[in-house]
Amino acid sequence: MSFRTLFAVGALALAFGVQAQEPIRIGAFLSVTGPAAFLGDPEQKTLELYVEKINAAGGVLGRKLQLYAYDSAGDAEKARGFVKRLIEQDKVDVIVGGSTTGETMAAVPLAEAANVPFISLAGAVVIIEPVKKWVFKTPHTDRMACEKVFVDMRARGATKAALISGAGGFDRSMRAECLKVAAKNGVQIVADESYGAGDTDMTAQLTKIKNTPGVQAVLNAGFGQGPAIVTKNYRQLGIAAPLYQSHGVASKQYIKLSGDAAEGVRLPAAALLVADTLPASDKQKKVVVDYKREYETRFKQEVSTFGGHAYDGLMLAVEAIKRAGSTDRAKVRDALESTKGYIGTAGVVNMSPQDHMGLDLSAFRMLEVRKGDWTLVK
Amino acid sequence: MSAQLVQFLLAGLTLGAIYALVALGFAIIYNASHVINFAQGEFVMIGGMAATAFVDSGLPLPLAALAAVAAATLVGFLLEKLAVEPARNASVVTLIIITIGASILLRGLASLVWDKKIHSLPAFSGEAPIAIGGATLLPQTLWVLGATLVTVAALWWFFNRTLTGKAILAVSHNPLAARLMGISVRRVLLVSFGLSAALGALAGILIAPISFTSWDIGVMLGLKGFAAAILGGLGSGPGAIAGGLALGLIEALGAGYLSSAYKDVFAFVIILAALVFLPNGLAGKRAAERV
């Protein structure tokens, strides 16, 4: 290359650098396909939708957002590869993603080493406990779900509960958390049953629970078709104790699959699920109704809380960048950590150096299935 | 206490009947070709998924079920024509690997053609539980058991009283001699793939109201059916049924009286035990290896 062309290229680059602002690079790795597609698919759609909307409204700090999204297909090894690429090749300013806990934990060391703010969309407590300097998360934890359920059990006078859980990662993590916090919440676990992935009948386990003396309530930790089968078998056996499900099945699909058997079942869930029935005075009302409308008109499918997690992740990042006044990673991280009073789909977020999730039990609503729909338990 | 036992037995019979239907599918193809068709679980999935799709599109349940069985049978034919027949001179192990590939392909296609959600079929005759000796039973379980019985009887008639059925048996005993008698081995293979696909689909439709259906249920049901087939003795019809029922009962009783955490372990420990101590299964014929 001659000196003149080199000079011309340099001048051109300089001119463009001045004219067009560098975009803000948002990195994402999500399980858009594979077994956790029901998480990653709405997450990806949500990110695309809101990046587009924010850009149409003029972007952030006068700069456009640019989304770098990869499909990690529920595979921790793939997630690791993509996060490396996001950091080294795409040079993203912030990472929003990690649909599952496994993928998130694979990415944590990379984000920590490269000092990139990382907002995870996965559930387990291990992501933020112990606190990791660069890692945050938006969804509720399974421990909070357990506590919410136990508090409700106590309120209904039940102190002896049975646990039945599936074999999946979510199921097992929640079971472990529930066992850990049960005593603290004044609930004694008197039976602890499990079922396998793809099991078609849980009457044997439930019969055991039915014949365990003193069971006053039953909690099923699980997601997928398992909880729906448990619900049907539960009614088949005519067990009288109230049945609780986890936030893992907080979707209309659960009611549809379980049919009449779901009547009276309670579960903790995010406000998004009952957006339309929230009282107007509710702090989250506007946020969840707006998100629900945007998502449903654009994609013609029902919102899920998972997409909501991605919405919260993106908005938290955007707010932090605005407050930091730049995309300087350290400043953005500090701004994220000092998030106070952000109202998202998951609840009101108040972060601190000790708490990188910032949600409390009020973020969960106790819902009951009545006449084939969710209703808020007052 | 006895009510508890009755409940466990009922749960075991329901599970067992489903495993038996899947195991029968394995037995039929094994008989005709000595191939273990690992796409058998996928036929179960296709039956359930197609039936829910047809019901959702407005067909009445009986028609939807028939259409789903027909669709699965067609897939069985295509699998044989497009994947197994072109490789018919390959070794049995190669053919088995082809069926594994086909099962992955079918799963992927199902998740594209339909979706990755879990679907349910309405129960054939209501969901009011029936009380038996202190235990309860869903009407759908009776459908599963009844349909299994009818199917077994129909299969017995087919294999012992019809020319095509006898031809399949002849091929399973000695393909060369069968061909010399003018039996088309290719047609027999085609029929047996279609037949096991239909059986699998039937199982998938019967259980959809109880245990739902989704694009990936075939994996576990296929494995359990395979375990049942091994336990009963590969290639034996009565063995497949006995193996399926035994497996279902062991699982339910094991989960009930021992620990539910090891429910799936029982099934696979049984495969291992059967392979080591009873390589021909409960009812398998002693195969003389010719050297």
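## A strand and its setting

Author: Strand 2 of chain A is mostly covered, since five of its seven residues are buried. Here a residue is buried if 20 or more other C-beta atoms lie within 10 Å of its own, exposed if 12 or fewer do, and partly exposed in between, with the C-beta atoms placed from the backbone. Helices (H or I, at least four residues) and strands (E, at least two) are DSSP runs, numbered from the N terminus.

The model is predicted: local features need pLDDT of at least 70 and side-chain atom pairs count only at pLDDT 80 or more, whereas totals for chains, interfaces and linings use all residues. Residues are numbered from 1 along each chain as its sequence is written, while chains are lettered from A and ligands numbered from 1 in the order in which they are written.

Strand 2 (residues 65–71) of chain A pairs with strand 1 of chain A in the parallel sense, over seven bridges. Pairing requires that DSSP find at least two bridges between two strands. Within this pair, A:Ile26 has A:Leu67 as its bridge partner in strand 2 of chain A. Strand 1 of chain A, helix 2 of chain A and strand 2 of chain A together form a right-handed β-α-β unit; right-handed means that, with the strands pointing away from the viewer, the path from the first strand over the helix to the second runs clockwise.

Strand 1 (residues 24–30) of chain A has six of its seven residues buried, so it is largely enclosed by the rest of the structure. Strand 1 of chain A also pairs with strand 3 (residues 94–97) of chain A, in the parallel sense and over two bridges. There, A:Gly27 stands opposite A:Ile95 in strand 3 of chain A.

A:Val318, in helix 11 (residues 305–324) of chain A, is in contact with A:Ile54 and A:Val60 when its neighbours within four places in sequence are left aside. Contact means that two C-beta atoms, placed from the backbone, lie within 7 Å. A:Val318 is buried because 21 other C-beta atoms lie within 10 Å.

Helix 2 (37–56) of chain A is among the elements that give two or more residues to the side of chain A that touches chain B. That contact takes 26 residues from chain A and 29 residues from chain B. Helix 7 of chain A gives the most to the chain A side, with five residues.

Backbone features occur in loops elsewhere. A cis peptide bond, with omega about 5°, joins A:Glu129 and A:Pro130, and A:Pro130 is found in the loop between strand 4 and strand 5 (135–137) of chain A. A:Lys300 is not a glycine, yet has a positive phi of about 55°; this residue counts as exposed because it has 7 C-beta neighbours inside 10 Å.

As to confidence, the mean pLDDT of chain A is 88, and 95% of its residues reach 70 or more; pLDDT is the predictor's confidence in each residue, from 0 to 100. Among the elements of chain A, helix 1 (residues 3–19) has the lowest mean pLDDT (53) and strand 4 (residues 118–120) the highest (96). Where pLDDT is low, the predicted coordinates should not be read in detail.
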